[in-house]
Amino acid sequence: MSKLKKVFFVLLTLFAGIHAYASEESKFSYVLSGTQTAPRILACKTPEFSFHFPQMAGNFKLGLIAGQKSLWGNELKSVKLKKEENKLIYTLEDNLLKDGKVIVRVAKLTDSDGFVMEVEGLNLPDGIDLFWSFGGCYAKVLPNKAESDLKPEYCKDNVFSVEGSAFTVYYDESLNLKVVQAVVPENSDIRLSDAHKQTSPLVFHESGKKTDAPALTGTSKLINGKLYFCFYLQNAKADYNSFIIPELFKKEFKL
């Protein structure tokens, strides 16, 4: 790529509102929230995200399950990413989905550190589950935030509290306790799982809770409709539940 083209690319991504954090070859390449020098939320070319407040505060990623076969987002046949102002739009296609596709739309929150996500299934075959995982609230600043995968050593002291379709994770030392909250699709099959076992979404989801590296995993029936997620830091303006997330998404995505 010529120097002129590189300059044009940087300017284009800055105007788009989602700027490159690292090289295109890096895994966590895009800043969804924060700045290039102090990113709060980083995103990948495929639907995987990491939180930095400024300490590592978790990793969230998606996958697909069909029967006994499962794939992470980066293993799918095609993932197309479109960047807009404070938004990311992923289009997922794979043989698992046959002629269907999954659209993942993400927007940063206005009133809190975090994001709201809509996952829409289009023309999908029966028997497809959306898989998700969250964990790795390390409570330390990573020297290289572009490498913020879900690593077992990041999960050691994470404690999860699940209530229906919402969960809270507590991390760091008791005198300096930190909290991240989330809302996930209703009727999700949520499990405490072993972050040592991430060879596939299915293996991770069925790994069991007896571990020194706890993470949360979940599955939701992927229908020809919409599912919603929200990750946030609670404050006076941000205290969400599953009933208000669709409207929150419309507001933040500016539909």
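I count a residue as buried under 20% relative accessible area, as exposed over 50%, and as partly exposed in between (1.4 Å probe, protein chains only). By that scale Asp172 is partly exposed, with a relative accessible area of 24%.

**Ground rules.** I am working on a predicted model, where local features need pLDDT of at least 70 and side-chain atom pairs count only at pLDDT 80 or more, while totals for chains, interfaces and linings use all residues. Residues are numbered from 1 along each chain as its sequence is written, and side-chain values use heavy atoms, with hydrogens and water left out.

**Confidence.** I looked up pLDDT, the predictor's confidence in each residue from 0 to 100. The chain averages 91, and 89% of the residues score at least 70. Over residues 7–17 the pLDDT is below 50. Beyond near neighbours in sequence, that stretch has 16 contacts in the model (contact: heavy atoms within 4.5 Å).

**Overall make-up.** I find 3 helices and 17 strands in the chain. These are DSSP runs numbered from the N terminus: helices are H or I with at least four residues, strands are E with at least two. Of the 255 residues, 54% are buried. Among contacts between residues at least 6 apart in sequence, 55% join residues at least 24 apart.

**Cores.** I took a nonpolar core as a set of buried Ala, Val, Leu, Ile, Met, Phe, Trp, Tyr and Cys residues joined through side-chain atoms within 4.5 Å. The largest has 44 residues, and Phe60, Phe115, Met117, Val119 and Phe134 touch the most other members. Strand E5 (residues 56–66) gives the most to this core, with 5 residues. A second, separate core of 15 residues includes Val116, Tyr240, Phe249 and Phe253. I then listed the contacts of Phe60, leaving aside neighbours within four places in sequence. Among them are Phe49, Phe115, Met117, Trp132, Phe134, Phe229 and Phe231.

**Gly136.** I located Gly136 in the loop between strand E11 (128–135) and strand E12 (159–163). Gly136 counts as buried because its relative accessibility is 0%. Leaving aside neighbours within four places, Gly136 contacts Met56, Ala57, Gly58, Leu150, Tyr154, Cys155 and Asn158.

**Pocket.** I searched for pockets on a 1 Å grid over the protein atoms alone: a pocket is an open set of points where a 1.4 Å probe fits, with protein on both sides within 12 Å along at least five of seven lines, and lining residues have an atom within 4 Å of a point. The largest pocket has a volume of about 180 Å³, counted as the space filled by probe spheres set on the points. Its lining includes Cys137, Lys140, Glu153, Tyr154, Asn158, Tyr171 and Asp172. By class I note 5 nonpolar, 1 polar and 6 charged lining residues.

Asn187 lies in the loop between E14 and strand E15 (189–194). Asn187 is exposed, with a relative accessible area of 79%. Last, the peptide bond from Phe53 to Pro54 is cis, with omega near -10°. Pro54 sits in the loop between strand E4 (48–52) and E5.

Conventions:
Nonpolar A, V, L, I, M, F, W, Y, C, P; charged D, E, K, R; others polar.
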